[in-house]
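Here are my notes on the pockets and helix packing of this model. Please read them with the coordinates open.

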Amino acid sequence: MTGRARLRAAVRLVRAPAALTVPGDVLAGMVSSGARLRPRVAVAAASSVCLYWAGMALNDWADREIDAVERPERPIPSGLVSPGAAFALAAGLTATGVGLSAAAGGRRGLTSAVALSTAVWSYDLLFKSTPAGPFVMGAARGIDVLSGAVTGGGTLRSALPAAGVVALHTGLITRLSREEVAPGPGTATAAALGIGGSAGVALAVAAAPAPGVRRLDRGASASLAAMYLAGFTPPLAAVSRGPSAGRVQQAVGAGIHALLPLQAGFIARSGSPAVALLIAAAHPLARSLGRRIAPT
């Protein structure tokens with residue numbers, strides 16, 4: 001296999017384009033905590049991307065036997081990536097992510113990265129198939145938001161609403177993702193739960209108490225909440241009307257991409273509309289790239 005072919009296989013393994021949904025976690029956590037945006041936020045965001053990619057590689061390593069039956073086109077069962085190489089990539093990306101976070105946030109950054117990587121690895125290796133799976137994955141994404149507050153030196157308590165809402169949304173996606181291959185009797189229920197949860201998420205972004213927020217920023221966050229709903233709820237409604245593997249996969253992908261306007265909504269409410277616009281602008285790009293390399 002040529003070097004270019006190996007790179008393409010690695011890109012598919014880690015679902016590289018889906019990482020566009022990750023930096024917004026750190027930015028939302030930082031500005032929600034009351035901290036100013038600092039250059040080191042880029043290092044913290046790179047750390048989160050590495051840990052996200054590590055989780056994707058580890059996910060496929062852990063599921064390699066199941067994927068050989070259910071998803072033989074994935075890089076490991078198709079022979080494009082060996083199990084050992086996938087595990088080594090996951091470990092290397094984890095170490096890189098932890099190191100970058102420590103460089104950006106010192107001891108607190110190291111602590112948050114260790115907490116995040118622990119959640120990622122425990123999900124993939126221990127909790128994925130258990131009832132606790134969606135909660136663990138949601139917690140991982142919430143920790144990622146809080147890592148922004150840690151890096152910026154802000155108040156963790158102020159970043160908790162953003163972290164909690166992102167965690168809730170992620171948990172809903174994770175629960176629905178269990179129906180991707182073989183939708184069953186609970187698929188429509190999971191979709192209905194997603195619709196109700198997404199409405200609550202949008203309300204939290206648009207109307208949560210935030211003293212001192214300018215009217216312009218409040219209007220921007222409400223518009224982004226509407227963008228979030230417009231991107232996520234129609235695929236969920238399609239699943240609830242007639243569950244199928246294809247529809248579930250589309251809904252899960254839409255949910256992953258919907259993180260961008262969700263994060264942008266919290267960033268706008270915190271007085272950074274320009275940054276919020278930048279994050280929201282990545283939404284169509286993420287969707288376009290997601291048609292080439294599935295985010296799930």
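**Notes on pockets and helix packing**

1. By class, six nonpolar, eight polar and ten charged residues make up the lining of the second largest pocket. Nonpolar here covers Ala, Val, Leu, Ile, Met, Phe, Trp, Tyr, Cys and Pro; charged covers Asp, Glu, Lys and Arg; the others, Gly among them, are polar. The model is predicted: local features need pLDDT of at least 70, side-chain atom pairs count only at pLDDT 80 or more, and totals for chains, interfaces and linings use all residues. Residues are numbered from 1 along each chain as its sequence is written, and side-chain values use heavy atoms, with hydrogens and water left out.

2. The second largest pocket holds about 550 Å³ of space. Its lining has 24 residues, with Gly290, Ile293, Ala294, Pro295 and Thr296 closest to the centre. A pocket is an open set of points on a 1 Å grid over the protein atoms alone, where a 1.4 Å probe fits and protein lies on both sides within 12 Å along at least five of seven lines; lining residues have an atom within 4 Å of a point. Volume is the space filled by probe spheres set on the points, which are joined across faces, edges and corners.

3. Helices H10 (245–257) and H12 (273–290) each give at least two residues to the lining of the second largest pocket. Helices are DSSP runs (H or I, at least four residues), numbered from the N terminus.

4. The largest pocket has about 1000 Å³ of space. It is lined by 40 residues; Asn59, Tyr123, Lys128, Thr174 and Ser177 lie nearest its centre. The lining divides into 19 nonpolar, eight polar and 13 charged residues.

5. Axes are lines fitted to C-alpha atoms, for helices over the stretch in contact, and angles run from 0 to 180 degrees between N-to-C directions. The crossing is left-handed: the near helix is turned anticlockwise from the far one by less than a right angle, whereas clockwise would be right-handed.

6. Which residues of H7 and H10 meet? His169, Ile173, Leu176 and Ser177 in H7 meet Val248, Ala251, Val252, Gly255 and Ile256 in H10. Contact means heavy atoms within 4.5 Å. The contact of H7 with H10 has six nonpolar, three polar and no charged residues.

7. H7 packs on H8 (residues 187–207) as well; the axes come within 9 Å and cross at roughly 165 degrees. H7 is thus roughly antiparallel to H8. This crossing is left-handed. Contact residues include His169, Leu172 and Leu176 of H7 and Ala190, Gly194 and Val201 of H8. By class, the contact has nine nonpolar, five polar and one charged.

8. H2 (residues 23–32) and H6 pack at about 50 degrees, with axes 6 Å apart. They are therefore oblique to each other, and their crossing is right-handed. From H2, the contact uses Asp25, Val26, Gly29 and Met30; the residues from H6 include Ser147, Gly148 and Gly152. This contact has four nonpolar, five polar and three charged residues.

Notes
Parallel < 35°, antiparallel > 145°, perpendicular 65-115°, else oblique.
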